[in-house]
Amino acid sequence: MFGKCCELSTGRHTAALNAEMGTGVMLTVVFLLLTVRNAQSQESCVKTVVRSCAECIKSGPYCAWCKLLNFTKSGEQEAVRCDVISVLRERGCGDADIISPRGNHQYIKNLPLTGGSNPVQIQPQEVKLNLRPNQPWTFTFKFKRAEGYPVDLYYLMDLSYSMNDDLQNVKSLGKDLLKALRQITKQSRIGFGSFVDKVVLPYTSTNPKRVQKPCPDNERFCQPAFGYKHVLSMTDNEILFNKRVSEQAISGNLDVPEGGLDAIMQAAVCGDKIGWGNSTRLLVFTTDAGFHMAGDGKLAAILEPNDGRCHLDAKMLYSKSSEMDYPSVGQVMQKLVENNIQPIFAVTKDVEPVYRRLKDIIPKSEVGVLTSDSSNVISLIQNAYRNLSSNVIVTHDDLPDHVTVMYTSNCPNGDLPSIRGTCDNVGIGKEVEFNVTVTAHKCLNEQSFLIGPLGFREKIRVNLTTRCECECDDRKDSNHQHCNSQGQVSCGTCSCNKGFVGQKCECKIGDKSEAELRQACMPVNGSMCSGQGECVCGVCHCSPGEDGRSIYGRFCECDDRSCPLSRGQPCGGQGRCSCGTCNCNPGYEGDACDCRKSDNRCRTGNKVCYGRGNCVCDVCNCTVGYTRPFCETCPGCPALCERVASCVECHMDERKGNCLVCQGVTYREEPDLKEQRLCKRRGTDGCQMIYSTKQLQGVEQYEVIFRNKECPEPPDLRLIIGGTFSGVALIGILLLLALKAFIHMRDLKEFRRFENEQKKSKWSKADNPLFKTATTTVQNPNFGGD
């Protein structure tokens, strides 16, 4: 049963680890896509309406501003000052007048890389960046592994009963383990902690006797059940390590997965009690089972999420073990990274796949396979340390909002931008370089964050500010002549005094604001003066077209060359273009005045398009519904009889009445109207109307010939009433007769059944055995018989 439990739990946890690893891959893909998109948008400036240099440099990373006076051409808007540098140069703006602030960086603290007792492994130590929004900026830092860097190792051991033989080997491990560490660096320390699982059902038996001794009955040395216990803080004394570890006893629980993530979380966040120093921090996690994770606590009615804080009491026990849920893998990863702790998972062969998945999620971690009694743990730790220390992964902490950071390196396969910079096989004394690209996507107040290799305490502090204002060095003259002595020049444009607006402060606004005046120059859903003029005091002053065309209209929306062309000329040279429409000369017509007036091909007799359309260029343009060539028929229209039925009824009812909806219908009465091809419709009064109709020239013009209505005779009420009463009476009599016949037949049937039963009866003359005759006879003397 336990084996199956373990298998199911391990499978579920593996699936969860796969999901978290997939999330990390997706984040990497998103960052790469953002990088590609930023690369594609280089050297372009989004064309938006901007009114100042500050708005220009905020509108796009490659937008530049021309501060040259009189640079804006007559009729153009201020926005033309804002564009990419190459376009501004083409327009005549010199380099001295182009403002395009670039990002820069400054090394504030830049100590050289050194070894020794206080090594410096990262250079520089502090950087100041002054960035333009959305413009990436790259700086370089160096990393060099120093020899003799201090190492702190915390041995975190599973003390569930299945680890009994492993504990016996660990009890004598301290001397050999410190000796192995000191072969790497003389500054080595070691600590110890242990864990089992939460002391609640269904993980651990809560029977008081089983809590005190969760091991089998034949086990002499067994400590009470517990979640996580910190046993020994960091020390370089192997004798003390062996003494404290030798005092440990095995414990136990019910299910196979253990509370390992609880223990890792507390070991990571309780730094002051564990004794972590300014060193390479290793956490050796030994177990032969899987682990419970966030959500499993619900089985024990533990609903409070893990808060990621230290909860060690005075006895160094995890005090919230039975009150808080297990942490998630993501929480554990975050705390390990924040505290620069590199885990080494020393596990047995059967659970190795689970911890391999965990290694893929937690950066700077290693997995080693223990023997059944943990006898190979020292060599396992040595190999894992070599792999961890030679693998350099650079990332950042406390990144501000709206800031992204990407890394590349000079290592093989390190040239692709990524959210982490990596270098493998970095030996002691080897120097590697990383390029850090920082992008601020908005204007920010001064911010700071840390960059550095995982597993090392040394970090680069990056102080970040943004450049969102222009530095134009203008002479502050409040009555500058360029601004009609009603404002001062700021980066080539006028900042007008109160009460004046305009490109050169030429308009006194009075009671209207500048926004209202500018709005008066903007059509609905359009741009200022249609982009073909300038707004002066609420009126569009149109500019001449670059190709000589004349531009006019309230919003400069018209010109004299926007009409249809014919024979290469607007309006075919036979009309005048008026805001996109041709006004043709006499004798010409058509959209482009490209044909002479004529209706010869539109006539049938003396009818032109049957009055149901216009003849343009000798072709009928029919009213909707009617068809060419002469607009004679309307295939989709209702039949003539139906179209005039209501009008005919209205006319017959009122004769001289006013049928307003039938103004185009003429009537003629013929009592002897023949019965051929007539319309027969029944009116609302039940009378039948008989008429014929035909459509006249024009739209909705009809002639109707009719005769009097044919109304049926009204019904005779006396016959209806008399017939109704007679019918009711007859039905009543028939019902009574039927009921009487039914009763008679039923009685007759019963009588016959009685007679049949009477014939079948047989009477017996036997005496009643219960009857006894009288024994005394008294004769009445007064009675005499014959």
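Let me start with a term: buried means under 20% relative accessible area, exposed means over 50%, and partly exposed lies in between, with a 1.4 Å probe and protein chains only. Helices (H or I, at least four residues) and strands (E, at least two) are DSSP runs, numbered from the N terminus.

What you see is a predicted model, where local features need pLDDT of at least 70, side-chain atom pairs count only at pLDDT 80 or more, and totals for chains, interfaces and linings use all residues. Residues are numbered from 1 along each chain as its sequence is written, and side-chain values use heavy atoms, with hydrogens and water left out.

With that definition, take helix α8, residues 260-269. Of its 10 residues, 10 are buried; among them are Gly 260, Asp 262, Gln 266 and Val 269.

Now the sheet beside that helix. It is open, with 6 strands in the order β10-β9-β8-β11-β12-β13 and mixed pairing; two strands pair if DSSP finds at least two bridges between them. On average, neighbouring strands here are turned by 15° against each other, direction ignored. Axes are lines fitted to C-alpha atoms, for helices over the stretch in contact, and angles run from 0 to 180 degrees between N-to-C directions.

Within this sheet, β8 (residues 151-158) and β11 (residues 280-287) are parallel, paired over 7 bridges. Met 157 has Thr 286 in β11 as its bridge partner. Helix α8 packs on the sheet and touches β8, β9, β10, β11 and β12, at about 160° to the direction of β11. Contact here means heavy atoms within 4.5 Å. Helix α12, residues 377-390, lies across β8, β11, β12 and β13, and runs at about 140° to β12.

Next, a second open sheet. Its 4 strands follow the order β38-β41-β40-β39, again with mixed pairing. The edge strands are β38 (665-669) and β39 (679-682), each with a single partner, so one side of each lacks a neighbour in the sheet. Neighbouring strands of this sheet are turned by 35° against each other on average, direction ignored. β38 and β41 (residues 702-706) run parallel and are joined by 5 bridges, with Tyr 667 opposite Val 704 in β41.

Last, Leu 717. Leu 717 is in helix α15, residues 717-760. Is it buried or exposed? Leu 717 counts as exposed, because its relative accessibility is 58%.
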